[in-house]
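Here is my note on the model you sent. Please read it with the structure open beside you.

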Amino acid sequence: MKTLSEFVKKQEYLVCVDSDGCAMDTMDIKHIQCFGPCMIEEWGLGQWRQTILDRWNDINLYSMTRGINRFLALAMTLEEVNRDYCKIDGVEAFSAWTKEADELSNGSVGRRAEETGQEIFKKALAWSVAVNQAINQLPEEKKVPFEGVKEGLRAAHKKADVAIVSSANLEAVLEEWQKHGLMDSVDVCLTQNVGSKALCISKMLEHGFPKNHVLMVGDAPGDLGAAEKNGVLYYPILVRREKESWERFVKEALSKLLDGTYEGEYQEQQKTMFKENLS
């Protein structure tokens, strides 16, 4: 496996694969056991716990907002809590910040807390830190690939260069993929240290891959958007149907990529199926 600067193109095709929720079955557990419960705890929402947790999961896992930034998701959820359950002090200011800020991170929310002195930004930072701690404490045996991923990567690697394209932390991605023997089928790893997924794909295109020879495999609207921004192909790993999706990748999608029949009708079918699955 090479870094971006070390990568050398070997094949005429490129398959880019997202990590969380696409190759690794880590997205559901992080939201169900960490993000949502930490929000309930930080804002004292235990009285409406299950209803609010269900809504958090709908926003982050099972709808077209799947995979959005944690602070955007927090703002969306707290706006609904403020409207339907109890008053959330400062939610309007926090929501406005999430729409205007150049960066949505622990560092930026911390700076905003210092600048304004508003409690909601302090609480948002405390929540995010607690989420990270909870994720770090998840049992390693819970962080596993979806069934069929290893076979899918192996099949792709026979005919294509394979790139991890993820917005996650580089060290975490490498640790998870190496532990489960997935790196044997990977040529290059591009994560948040390189930039957005769209930027990562554009950097790979600079190596001379024709756009209709590049396939982004992902599970979230952000993956589709990154593919469309670069004019490359997209294959969806469907939520709650991940095993089936990886099997179909090997049996059907990969051969269509290689024989030039992916673009057009088949591509549109995949996008429609993806959007309907999240509606």
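Predicted model: local features only at pLDDT ≥ 70, side-chain atom pairs only at ≥ 80, totals over all residues.

1. Residues are numbered from 1 along each chain as its sequence is written, and side-chain values use heavy atoms, with hydrogens and water left out.

2. The largest pocket has a volume of about 1,500 Å³. A pocket here is an open set of points on a 1 Å grid over the protein atoms alone, where a 1.4 Å probe fits, with protein on both sides within 12 Å along at least five of seven lines. The volume is the space filled by probe spheres set on the points.

3. At least two lining residues come from each of the helices H1 (27-43), H3 (70-84), H6 (119-136), H8 (170-179) and H10 (221-230). Helices are DSSP runs (H or I, at least four residues), numbered from the N terminus.

4. Sorted by class, the pocket lining has 11 nonpolar, 17 polar and 12 charged residues. Asp, Glu, Lys and Arg count as charged; Ala, Val, Leu, Ile, Met, Phe, Trp, Tyr, Cys and Pro as nonpolar; the others, Gly among them, as polar.

5. Helix H2 (residues 49-60) and H3 have axes that come within 10 Å and cross at roughly 140 degrees. H2 is therefore oblique to H3. Axes are lines fitted to C-alpha atoms over the stretch in contact, and angles run from 0 to 180 degrees between N-to-C directions. Angles under 35 degrees count as roughly parallel, over 145 as roughly antiparallel, 65 to 115 as roughly perpendicular and the rest as oblique.

6. The contact of H2 with H3 (heavy atoms within 4.5 Å) includes Trp-56 of H2 and Leu-74 of H3. Its residues are 7 nonpolar, 2 polar and 3 charged.

7. Helix H11 (residues 242-259) packs with helix H12 (residues 265-277) at an angle of about 140 degrees, their axes 11 Å apart. These two are therefore oblique to each other. Arg-248, Glu-252, Ala-253 and Lys-256 of H11 make the contact with Tyr-266, Gln-270 and Met-273 of H12.

8. Helix H7 (residues 149-159) and H11 have axes that come within 9 Å and cross at roughly 15 degrees. H7 is therefore roughly parallel to H11. Their contact has 8 nonpolar, 1 polar and 2 charged residues.

Technical notes:
1 Å grid on protein atoms, 1.4 Å probe; cavity = no way out; pocket = protein on both sides within 12 Å on 5 of 7 lines; lining within 4 Å.
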